[in-house]
Amino acid sequence: MNRRTFAKSAVLLGAAVPAALARGAAEKPEGPLGEYYEEPAKKLPVRKFDVVVAGAGTAGIVAAIAAARQGAKTILIERKGYPGGTVTEGGTALHSFFNLWKAFPGVEKRQVVKGIPHEIVERLMKAGGTSGHAEMLAGYNYDSVCTAIDTEIYKLVAFEMLAEAGVTVAVNTLLAGAIVDGQRVRGAIAESRSGREAVYANALVDCTAFGDLAAFAGAKYTEPNDYPVVNSMGVAGVSVERYYEFLQSHGAVTQLARGWRSGKEGQIVRLDSSGKAFPQEFKDEARKIGLAMTITTVHDDYFMFIKMGLKMPVSPTSRDAVAAAELELRRRQAKAIDLLRKHVPGCEKAFIARTSPTLNIRRARVVGCDYDITSADVLEARHFEDDVMAYGFHDNAPRLQIKGGGTYGIPYKALRVAGLENLLAAGMLITSNHDAHMSTRNTVCCMGQGQAAGTAAALCAARKCGSRDLPYRDLREALVRAGVCLES
Ligand SMILES: Cc1cc2nc3c(=O)[nH]c(=O)nc-3n(C[C@H](O)[C@H](O)[C@H](O)COP(=O)(O)OP(=O)(O)OC[C@H]3O[C@@H](n4cnc5c(N)ncnc54)[C@H](O)[C@@H]3O)c2cc1C
């Protein structure tokens, strides 16, 4: 039995583990030389919180705000220098606050995700950082609205909201391990230039996308490696109008939305196209680098996200394989700019204005939770007796849609990490089924999950109870009071 298997079985079987065993990256069993350095034990300073949220991304921001607003002393641990995560680095638009009403004639338009995610959009609107919920004029079988964002304004708005809620925002801080006592996660190990610390909490939420906290704590996980990795970039020096006219002249516009852009309403904020506008050379080269030309924008001269994909041979938890992919993706970005300048009207002066600090993933680890949402749950629009949110978008629409333009529920049990008493998870890391995950991983779903997990963590911390001992009616009441929409 290697150290990792030992750690896991110790948690699952409740075996005699030294009290508060710290688990961290050093548990990776194989070194390339087969040699090991025994790191000396250290005394770490302790900080105490009610709730730890790991990862200040799409779900984590909302989880931390929700926990703090419930009165929990909350710390948010983020390895980068800002909150934001993949919503500010990888995505195209926020899918989706609404049901897919436009694809189902006669079905009523409903905003199904509200609460803190809705507040974020309202704050973005005030700051000029979103297109608003712009109705799709073409391609509405995919999504009925386009909610495009400005990535930099999003980071600031999120940071301000966290500060206002009283969250201790530990940016530039790596979650480096978990402190586990039997089936209870006693805390997290955090590492920054201020040193290595033990951060104790009554309840913890893993929003790291990679499932780092859950993996350190010995939770079960899989690594399906079923998506390409991406480094999406912001491209400036372009004319959205000229690009649109080019596509339009070839009858190639497949998606179109008009909303707020550069201070004016009614402007193009989303465009997608069939290949027929582009010369063969462009199409051939674009295919080689995995270039996708779905664009959203909130500025006249800017495409907010242009993506290049790369299928890695192994899961993106491999540092060395990721290093190779990071280099290759940057080469592909340069190639993409050349292609845009050469072949695409409106892009003759295009340049890279923003790249993501690390490559983006659609998933890495999938963490085992008490319930694993199935594709039938999603497509059949099922709700549960312990719903914590409703959601109505599928990223594979129109091929896969939620029945009747309706919604399904995310149950509380899908956010409780299996085998551990007080660890919750939210974001892309739940849901193992590929088709179901193509819905639950989208930004607005992750945000809603974050609000539910953060609220539950705060309630558990206040009562000093485990996540399974929290009465659902109390969680539901707190969520409804905070504006969450439950359609069951
Ligand atoms: C290329 C791409 C395009 C996409 N397009 C769309 C789209 O158009 N619309 C849509 O709705 N969805 C889209 N998605 C899906 C969606 O963006 C993600 O699934 C969602 O944002 C994930 O949210 P999350 O909270 O799980 O993770 P993230 O937002 O990635 O947050 C995880 C956070 O944890 C931090 N972290 C990780 N490990 C540690 C650690 N050990 N210590 C400290 N911090 C850590 C990270 O830095 C990050 O900030 C796309 C995804 C990708 C990759």
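**Close-up 1. Ser-96 in the loop between strand E4 (74-77) and helix H3 (115-126).** In this predicted model, the peptide bond that leads from His-95 to Ser-96 is cis, with an omega near -25°. A further cis peptide bond joins Ala-397 and Pro-398, where omega is about 5°, and Pro-398 is placed in the loop between strand E22 (387-391) and strand E23 (408-411).

**Close-up 2. The shell of 35 residues around the ligand.** Thr-58, Glu-78, Thr-86, Ala-93 and Arg-441 come nearest to the ligand, while helix H2 (58-69), strand E8 (174-181) and helix H11 (443-463) each contribute at least two residues to the shell. By residue class, the shell consists of 13 nonpolar, 15 polar and 7 charged residues.

Close-up 3. Of the 990 Å² of accessible area that the ligand has on its own, the protein covers 97%.

**Close-up 4. Asn-172 and Asn-225, non-glycine residues with positive phi.** Asn-172, in the loop between strand E7 (168-170) and E8, has a phi near 55°, and because its relative accessibility is 45%, Asn-172 counts as partly exposed. Asn-225, in the loop between strand E12 (221-222) and strand E13 (229-230), has a phi near 45°; its relative accessibility is 15%, so Asn-225 counts as buried.

Terms used
Residues are numbered from 1 along each chain as its sequence is written. This is a predicted model: local features need pLDDT of at least 70, side-chain atom pairs count only at pLDDT 80 or more; totals for chains, interfaces and linings use all residues. Side-chain values use heavy atoms; hydrogens and water are left out. A residue is near a molecule or strand if one of its heavy atoms lies within 4 Å of it. Accessible areas come from the Shrake-Rupley method with a 1.4 Å probe; for residues, only the protein chains shown count as cover. Helices (H or I, at least four residues) and strands (E, at least two) are DSSP runs, numbered from the N terminus. Ala, Val, Leu, Ile, Met, Phe, Trp, Tyr, Cys and Pro count as nonpolar, Asp, Glu, Lys and Arg as charged, and the others, Gly among them, as polar. Buried means under 20% relative accessible area, exposed over 50%, partly exposed in between (1.4 Å probe, protein chains only).
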